[in-house]
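Here is a short report on one chain, covering a single residue and the fold around it.

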Amino acid sequence: MRARDLLADFPVVGLDSPVIEAARLLADQDLPGLIVIDDDGSPLAILPGTEVLRLAVPAYCQDDPALARVVDEAHADGFLRGLSDRTVRECLPPRPRELPVADPDATVLELAALMARTHSPLVAVLAEGRLVGAVTLQALLDRVLAA
C-alpha cells in the first residue's frame with residue numbers, strides 16, 4: 001500500500017484566506033486540517049483544526065478551563081464570529097514546523113512516521129513538485145485496521 005492508494009483530493013487555503021472560511025471548510029467537510037499553499041500552489045503548512053480553535057477561544061479560557069464553563073452559549077458562539085477579520089496566516093506558528101510532505105510512492109509506515117513526527121493529521125502528497133492530494137490520518141487508520 002502506497003500513498004497514491006490512499007490519496008484524496010483535498011481543499012487548500014492561502015495565507016491570506018479568511019480564517020472563518022477555513023473554519024467553514026473544516027466543519028462542512030469534517031476535515032482534520034487544511035493544506036496552506038503559497039501563490040504558486042506549493043504547500044507551505046498544514047493547518048490543523050485545533051489551530052483555528054486556538055484563535056477563536058479566548059486565552060483566558062485556554063489557560064483556565066474553569067472559566068470556559070461560566071461563558072454562556074450565546075457568548076461562546078460569538079467567539080467564532082470574531083474570526084471574520086482574521087487570516088489563515090495568523091493561525092500558523094511564528095516559526096515554521098516541518099512540513100509533512102510525501103511522494104506518491106511513500107509506504108503506509110513512512111506516512112504514519114511522518115504524521116507522528118510532525119503531529120499532523122494529514123500529509124500533503126506531491127508528484128514532480130505539484131500537489132496531487134493528501135492522505136489523512138483517518139484514511140491511514142482505516143487501511144491499517146482493515147488489514
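## Ser-17 and its surroundings

Beyond its neighbours within four places in sequence, Ser-17 is in contact with Arg-86, Thr-87 and Val-88. The model is predicted. Ser-17 sits in the loop between S1 and H2.

Is Ser-17 buried or exposed? Its relative accessibility is 18%. The cut-off for buried is under 20%, so Ser-17 counts as buried.

## The sheet

Three strands form an open sheet in the order S1-S2-S3, with mixed pairing. Which strands stand at the edges? They are S1 (12–14) and S3 (43–48). Each has a single partner strand, so one side of each lacks a neighbour in the sheet. On average, neighbouring strands here are turned by 35° against each other, direction ignored.

S2 covers residues 33–37. S2 pairs with S3 in the antiparallel sense, over 5 bridges. Leu-34 has Leu-47, in S3, as its bridge partner. Strands of a sheet pair through backbone hydrogen bonds, either parallel or antiparallel.

## Helices on the sheet

Helix H2 spans residues 19–28. H2 lies across S1, S2 and S3. The helix runs at about 140° to S2.

Helix H3, residues 49–56, packs on the sheet as well. H3 touches S2 and S3. The direction of H3 makes about 65° with that of S3.

How values were computed: Residues are numbered from 1 along each chain as its sequence is written. This is a predicted model: local features need pLDDT of at least 70, side-chain atom pairs count only at pLDDT 80 or more; totals for chains, interfaces and linings use all residues. Side-chain values use heavy atoms; hydrogens and water are left out. Two strands pair if DSSP finds at least two bridges between them. Helices (H or I, at least four residues) and strands (E, at least two) are DSSP runs, numbered from the N terminus. Axes are lines fitted to C-alpha atoms, for helices over the stretch in contact, and angles run from 0 to 180 degrees between N-to-C directions. Contact means heavy atoms within 4.5 Å. Buried means under 20% relative accessible area, exposed over 50%, partly exposed in between (1.4 Å probe, protein chains only).
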